[in-house]
Amino acid sequence: MILSKERTMWTRQRLFPFAVCLLMGIDGGFSTLSAMDVQSVQQVSTVEGTVLDAVGNSIIGASVLLKGTTNGVITDIDGKFKINASSGVLVISYIGYKTQEINIGSNKNLKIVLAEDAELLDEVVVVGFGSQKKATLTGAVSQVKGDDLLKGKGSSSAALALQGEVPGLVVTRTSSRPGNEDLGIKIRGDISVNNVSPLILLDGLEIPEWQMGTLNSTDIESISVLKDGAAAIYGTKAAGGVILITTKKGKQGKIQVDYKGELQLNFAKEFPLAELGEWAQLWLEAGDNDGIKYLDSEGKEQMAASNYRFFTRDELLKVIDGTFPMNPDPYTWYDGKVHRFDNLNLYDMIYGTTVSHRHNVSVSGGSDKATYRTSLGYADERSPISFVYDGAKKYNFRTNMSYKVNDFISTDFNVSYDYRNISEPNQGVGEGIQDAWFFPMYNENGQYYDLWGNNPLCKLDEGGRNTTKDKIFRLGGKINIDLDKWIKGLNFSYQANISSRSRNKTSRKTQKTMYDWDGNVSVQDQMSATSVKIEMSDIFFQNHVLQGNYRHSIGKNNFTLMLGMTAEEQQKNEYTLFRSNMASNELDDINTGDVTTQTNEGGSNAIGLVSYMGKINYDYAGIYLFEALGRRDGSSRLHPDYRWKNFFSASAGIRLSELPFLKDGVFQNLKLRASYGETGSVTGIGEYDYISNITTGETYFGATPALANTAYIKTMTSLERTWERVANTNFAVDFTTLNNRLSGTFEYYLRKNNDMLVEITYPQVLGATAPKTNSGDFNTKGWELSFNWNDKIGDVSYNVGLMFWDSKSEVTRMEGKSAIKVGKNEIVEGKPLNAIYTYVTNGIFDNEDDILAYYNTYGFKDADNQNVLKSGTLLPGYRSANRLVPGTVKRVDMNGDDEITIDDLTYYGDANPQLLFWFESWFEMERFRFLRIFPRGWKAKYFA
């Protein structure tokens with residue numbers, strides 16, 4: 001649930017009942033009360049009219065509003081309207097057409113012709129090293145506006161908000177805990193066993209995936225996603241696609257102050273947990289089923305022991321019928337200790353409803369010479385753990401400025417600082433749903449009660465805390481030289497960015513104390529179990545871009561040329577410090593730990609990349625479209641003889657809707673396009689892998705053993721390794737129809753990685769770890785389909801969006817990866833990543849004769865000897881307590897060798913999300929958004 005409100009100063013606030021606020025997100029917009037809202041009694045006349053399109057067809061449902069009032073109507077089936085008005089201005093609007101304003105004069109019978117609005121096609125999309133009109137785009141590029149990205153989303157994370165906004169893009173996380181989401185972003189599925197991720201650029205500065213969660217999302221102007229060969233302009237980092245984030249700039253005009261506040265309630269998911277009586281009933285049934293009769297190897301009848309876990313059978317029966325002693329009555333249990341028992345819902349004690357809140361203030365404005373925008377943001381995000389604080393606090397500052405020096409020189413400047421503080425319990429996270437809890441959490445003195453040392457509330461509260469502090473400083477500048485005055489269409493730019501990222505994580509484990517019912521200490525950690533671990537990292541990154549652009553037209557032939565070069569460098573330092581056996585629970589400094597337990601490690605590295613790139617775009621009258629681009633990269637990760645590589649892409653398209661026989665027809669836009677491009681990746685190659693690295697260690701040496709330093713070459717190296725090379729083929733159709741109200745896109749793609757970096761398994765006699773080589777192949781294919789309906793009924797605007805997409809991958813070549821196991825297999829040659837293998841079953845055993853016949857066929861080496869089973873069989877011994885019994889599932893012999901072995905495992909599918917869909921709709925009146933829904937789902941298989 002989100003309560004959000006944006007206020008623009010210098011205007012009056014319009015109030016709305018709080019009850020309505022609970023049902024909708026309030027997004028900005030307060031208007032000045034017009035004098036026309038307060039009218040004296042006067043003569044009101046009627047204005048009539050008809051609303052038509054450019055070819056004379058009536059427009060049904062167009063909005064006709066008396067400006068400055070709430071007095072409005074919509075046109076009927078014939079495009080006609082009547083409105084009570086004696087004077088003023090009528091505002092006529094309809095989706096897909098330009099809004100018109102008409103003064104009410106003496107003519108009270110109007111004929112209004114609305115012109116089509118080509119804004120959808122004139123929309124400018126951010127692409128690699130520039131921008132381009134959507135109408136002439138030939139690559140698979142999707143763009144989302146920043147304001148649309150966040151409306152109604154219950155998160156300040158730009159990555160999480162991006163889910164469902166772009167077909168083919170999937171955002172995953174392993175946890176809902178802020179700062180611990182372990183975010184993963186995939187564009188069009190996997191393309192390598194090396195977990196290749198998309199390149200993410202923030203105003204031209206590269207950032208890792210997790211930093212999308214530290215940004216102030218309200219600063220985002222747009223996000224563009226490059227999914228096909230269009231990403232090749234970014235060369236060796238673009239195999240996983242490219243995400244371009246552009247932040248908001250100031251606009252010319254008077255100063256404007258905006259505030260947006262959000263309050264969010266986080267609800268813990270309800271689980272169908274068993275209460276103590278249900279848990280006891282299940283254990284009773286399981287224990288009874290364990291107590292089977294069988295013949296041992298000597299033919300003597302035996303009874304297998306039943307297992308009732310910690311209880312006896314009689315105790316479980318008493319728990320079930322409610323006669324077992326419960327708190328505060330004592331009970332001496334199997335361990336000889338006096339316990340108290342209780343029927344608790346531990347899940348409800350740990351998890352509950354928490355509150356997150358976010359606040360953002362921005363100041364913007366400017367003149368014809370300079371514009372500016374400065375923002376401040378604060379967010380406190382909580383996880384559903386309500387017993388203790390588990391969450392992250394985020395602070396953001398950003399300033400973007402632009403200055404026009406003269407007619408041909410202008411500059412852009414940006415500076416930002418993000419600070420995130422993640423605070424979480426060191427112990428006890430994730431506990432509370434694994435088992436029914438039958439002990440009280442507190443004794444009668446309010447102390448943590450437990451005789452075994454497993455009280456989850458005590459772990460969360462007293463077990464220590466982990467604190468992670470991320471500090472990110474970014475600075476960027478750009479100088480633009482426009483030579484259009486002398487050479488039409490020619491301009492140059494130079495851009496430089498730097499970022500400094502530091503992380504300090506302190507993991508502090510403190511002493512836990514639990515008590516018996518009378519308040520005596522029952523379990524207490526030894527001080528030797530306490531510890532502090534400090535992990536520090538500093539990363540400094542810089543990049544420089546020199547670029548030239550030239551535009552020229554000859555008649556209806558339009559050309560655009562871009563040439564440029566980039567250079568970047570990253571320096572990284574990491575350190576880890578550890579000590580245990582702390583002097584006190586209250587002192588966290590590492591020097592208060594036992595010096596004899598200390599360990600430390602660290603290191604540093606630097607990598608660089610130099611690139612040259614070029615791109616040419618051509619279109620004839622905006623109908624026939626063509627683009628070609630190339631890039632040459634050189635990386636310090638590779639040997640000088642193999643570090644340079646060329647990448648390229650070409651795409652073409654035709655706007656059928658602009659051809660004479662289709663122009664002014666059903667489609668306002670109908671475009672066919674196709675592309676092919678090659679991108680690269682160095683994921684899986686270390687900073688200095690082509691150099692033999694010396695690893696240091698220590699060992700005891702000498703006649704009188706003493707600790708001595710050692711040094712050795714740990715791994716083999718290879719000079720010939722190079723980038724993974726991914727070929728992207730894409731076919732697509734875009735359309736817009738019904739007066740621009742309905743739009744859609746269908747895409748089909750193929751992706752092939754023919755130089756995947758893999759580890760080859762060699763005989764152990766090699767005596768060393770072999771380096772990765774470009775010896776693997778990986779294929780992915782898929783499709784994307786999206787529809788969007790945008791319309792307006794009177795004052796109410798609404799939008800309905802629907803997206804489907806699917807992708808299937810296969811590791812087509814990877815030597816040494818043919819072995820399989822039951823369950824999920826990360827890599828199997830000939831299958832997708834995360835392939836699931838399982839045994840096929842065919843019902844259950846009904847009786848003993850059924851079981852014996854199964855053993856005779858698949859188990860016994862000789863049916864006359866029931867003590868000896870076939871070699872390699874998975875069946876348990878027939879004459880043992882673990883033997884098959886009625887009710888056990890029958891595994892099927894899939895390979896027909898009359899044995900049940902691992903060779904009978906069958907491919908069941910993979911655990912990757914497939915056939916994803918996303919439905920989104922919203923209704924908006926004036927500046928109030930009433931409803932936004934995000935049902936979503938996918939087809940995926942799981943193994944438990």
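What covers the buried residues of helix α9 (residues 848-859) includes the strands β47 (860-862), β48 (865-869) and β49 (889-891). Here buried stands for under 20% relative accessible area, with over 50% called exposed and the range in between partly exposed (1.4 Å probe, protein chains only). Helices (H or I, at least four residues) and strands (E, at least two) are DSSP runs, numbered from the N terminus. The buried set in α9 is made up of Ile851, Tyr854, Tyr855 and Gly859. Looking down the axis of α9, these buried residues stay within an arc of 100°, so they line one face of the helix; the arc is taken from the directions that lead from the helix axis to the C-beta atoms.

The model is a predicted one, so local features need pLDDT of at least 70 and side-chain atom pairs count only at pLDDT 80 or more, while totals for chains, interfaces and linings use all residues. Residues are numbered from 1 along each chain as its sequence is written, and side-chain values use heavy atoms, with hydrogens and water left out.

On the scale of the whole protein chain, there are nine helices and 53 strands. The C-alpha trace spans about 110 × 80 × 65 Å along its principal axes. Of the 944 residues, 45% count as buried. Taking contacts (heavy atoms within 4.5 Å), 66% of those between residues at least 6 apart in sequence join residues at least 24 apart.

Turning to helix packing, α5 (residues 276-290) and α6 (residues 313-321) meet at an angle of about 145°, and their axes lie 8 Å apart. Those axes are lines fitted to C-alpha atoms, for helices over the stretch in contact, with angles running from 0 to 180 degrees between N-to-C directions. The crossing of α5 past α6 is left-handed, meaning that the near helix is turned anticlockwise from the far one by less than a right angle (clockwise would be right-handed). On the α5 side the contact is made by Leu276, Gly277, Trp279, Ala280, Gln281, Trp283, Leu284 and Asp288, and α6 brings in Arg313, Leu316, Leu317, Val319 and Ile320. Sorted by class, this contact has nine nonpolar, two polar and two charged residues.

Now the strands, where pairing takes at least two DSSP bridges between two strands. Strands β29 (residues 490-509) and β32 (residues 531-554) run antiparallel and are joined by 20 bridges, with Leu490 partnered by Tyr550 of β32. β32 also pairs with β33 (residues 557-580), in the antiparallel sense and over 24 bridges; in this pair Lys533 sits opposite Phe578 of β33. The hairpin of β32 and β33 has two residues between the strands, and Gly555 takes a positive phi near 65° there.

β25 (residues 370-382) pairs antiparallel with β26 (residues 391-404) over 13 bridges, and Tyr372 stands opposite Met401 of β26. Four residues make the hairpin link from β26 to β27.

There is also a three-stranded open sheet, ordered β44-β45-β50 and antiparallel in its pairing. Its edge strands, β44 (823-825) and β50 (906-910), each pair on one side only, and the twist averages 35° from one strand to the next. β45 (residues 835-838) and β50 share four bridges, and Tyr837 has Tyr907 of β50 as its bridge partner.

Arg741 is in the loop between β40 (724-737) and β41 (742-758), and at 15% relative accessibility it counts as buried. Leaving out neighbours within four places in sequence, Arg741 is in contact with Tyr94, Ile95, Asn788, Trp789, Asn790 and Asp791. Ser786 belongs to strand β42 (residues 773-793) and is buried, with a relative accessible area of 15%. Not counting residues up to four places away in sequence, Ser786 touches Pro167, Ser743, Gly744, Thr745, Leu802 and Met803.

How values were computed: Nonpolar A, V, L, I, M, F, W, Y, C, P; charged D, E, K, R; others polar.
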